[in-house]
Amino acid sequence: VERTFIAIKPDGVQRGMISEVIHRFERKGYKLVAIKAIVPPKALAEEHYGDLKARPFYPGLVSYMTSGKAPVIAMVWEGVDVIRQGRRIIGATNPLDAEPGSIRGDYTISVGRNAIHGSDSFESATIEIGLWFKPEEVYNWQFAHAEWIESKN
Ligand code: GTP
Ligand code: MG
């Protein structure tokens, strides 16, 4: 099974986007296997965005994620091709490039307030799920109707 880490950032929470984000993943056929509200400690946000450490916007990015003015809604979603499909549902990093119909395309105008995060590869999904969740916070469960959603034949 494939899993990805999806997080609604504090701006997305402030703007009332929690139900919208969950709706878009759920209606597509993906399965929610972990969820929590969390104000990430600085060390967690820094590690999560560690590959961007050298970028000028990095300090602002970390303080935006950790401010506590709203929590982050951290989630793990599971399903066929969920990593790449999740990125499509979210849309391009810069809202100017995000297609209408994607979350960022429909709701955001600033790259620094783009509302949502999604893992960009299998490797980062594995690392990010491990950073944000303990193993016992992630649930293994099956759709009763799995064959109608996930079967390839
Ligand atoms: P995430 O799903 O959040 O990881 O976004 P992404 O994978 O589409 O983009 P990337 O990992 O390159 O950047 C991570 C986050 O840093 C983005 O989602 C933005 O919030 C922020 N970011 C990226 N580029 C810029 C920028 O040029 N300016 C500002 N202010 N923020 C940026
Ligand atoms: Mg990224």
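Student: Where do Arg24 and Glu20 lie, and how many residues apart are they?

Tutor: This is a predicted model, by the way, so read everything here as computed. Both residues sit in helix H2 (residues 18-28), 4 residues apart, which is about one turn of the helix. An α-helix has 3.6 residues a turn, so residues three or four places apart point the same way.

Student: What makes the contact between the side chains of Arg24 and Glu20 a salt bridge?

Tutor: The rule asks for a side-chain nitrogen of Lys or Arg within 4 Å of a carboxyl oxygen of Asp or Glu. For Arg24 and Glu20 the N to O distance is 2.5 Å, so the pair passes.

Student: What does the pair of Glu137 and Lys36 tie together?

Tutor: Glu137 lies in the loop between helix H7 (122-132) and helix H8 (146-150), while Lys36 lies in strand E2 (residues 31-38), so the pair ties together parts that are 101 residues apart in sequence.

Student: What about Arg84 and Asp81: how many Å apart are the closest N and O atoms?

Tutor: They are 3.9 Å apart. The limit is 4 Å, so this one still counts as a salt bridge. Arg84 is exposed, because its 64% relative accessibility is over 50%. Asp81, at 33%, is partly exposed.

Student: Which residues are linked in a network of salt bridges?

Tutor: Arg3, Lys31 and Glu78 are linked that way. The count for the model comes to 7 salt bridges.

Student: What does the UniProt annotation cover?

Tutor: The unreviewed entry has "domain: Nucleoside diphosphate kinase-like" over residues 1-140. In the model, the end C-alpha atoms of that span lie 10 Å apart, and the span is 41% helix and 17% strand.

Student: Which residues does UniProt list for "binding site"?

Tutor: The unreviewed entry lists Lys9, Phe57, Arg87, Thr93, Arg104 and Asn114. From that set, Lys9, Phe57, Arg87, Thr93, Arg104 and Asn114 turn up in the lining of the largest pocket.

Student: Why is Arg104 called buried?

Tutor: Its relative accessibility is 5%, and the buried class is under 20%, so the label follows. Arg104 is in helix H6 (residues 103-107). Setting aside residues up to four places away in sequence, it touches several others, including Lys9, Thr93, Asn114 and His117.

Student: How many residues line the largest pocket, and which lie nearest its centre?

Tutor: There are 27 lining residues, with Lys9, Tyr49, Leu52, Leu61 and Thr93 nearest the centre. Helix H3 (42-48), helix H4 (58-66), strand E4 (116-118) and H7 are the elements that give two or more residues to that lining. H7 gives the most, with 4 residues. The lining divides into 9 nonpolar, 9 polar and 9 charged residues, around a volume of about 630 Å³.

Student: Which residues line the second largest pocket?

Tutor: Val1, Glu2, Arg3, Phe122, Ala125, Thr126, Ile129, Gly130 and Val138 do. H7 gives the most to this lining, with 5 residues. By type, the lining holds 5 nonpolar, 2 polar and 2 charged residues, and the pocket has about 150 Å³ of space.

Student: Which residues in H4 are buried?

Tutor: Tyr58, Leu61, Val62, Tyr64, Met65 and Thr66 are buried. They go by that name because each has under 20% relative accessible area. Their cover includes helix H1 (10-14), H3 and strand E3 (72-78). Just after H4, Gly68 takes a positive phi of about 80 degrees.

Terms used:
Residues numbered from 1 in each chain as written. Chains lettered and ligands numbered in written order. Predicted model: local features only at pLDDT ≥ 70, side-chain atom pairs only at ≥ 80, totals over all residues. Heavy atoms only, no water. Buried < 20%, exposed > 50% of the residue type's maximum accessible area, 1.4 Å probe, protein only. UniProt positions renumbered as here; feature names shortened; annotations may be inferred. 1 Å grid on protein atoms, 1.4 Å probe; cavity = no way out; pocket = protein on both sides within 12 Å on 5 of 7 lines; lining within 4 Å. Contact = heavy atoms within 4.5 Å. Points joined across faces, edges and corners; volume = space filled by probe spheres on them. Nonpolar A, V, L, I, M, F, W, Y, C, P; charged D, E, K, R; others polar.
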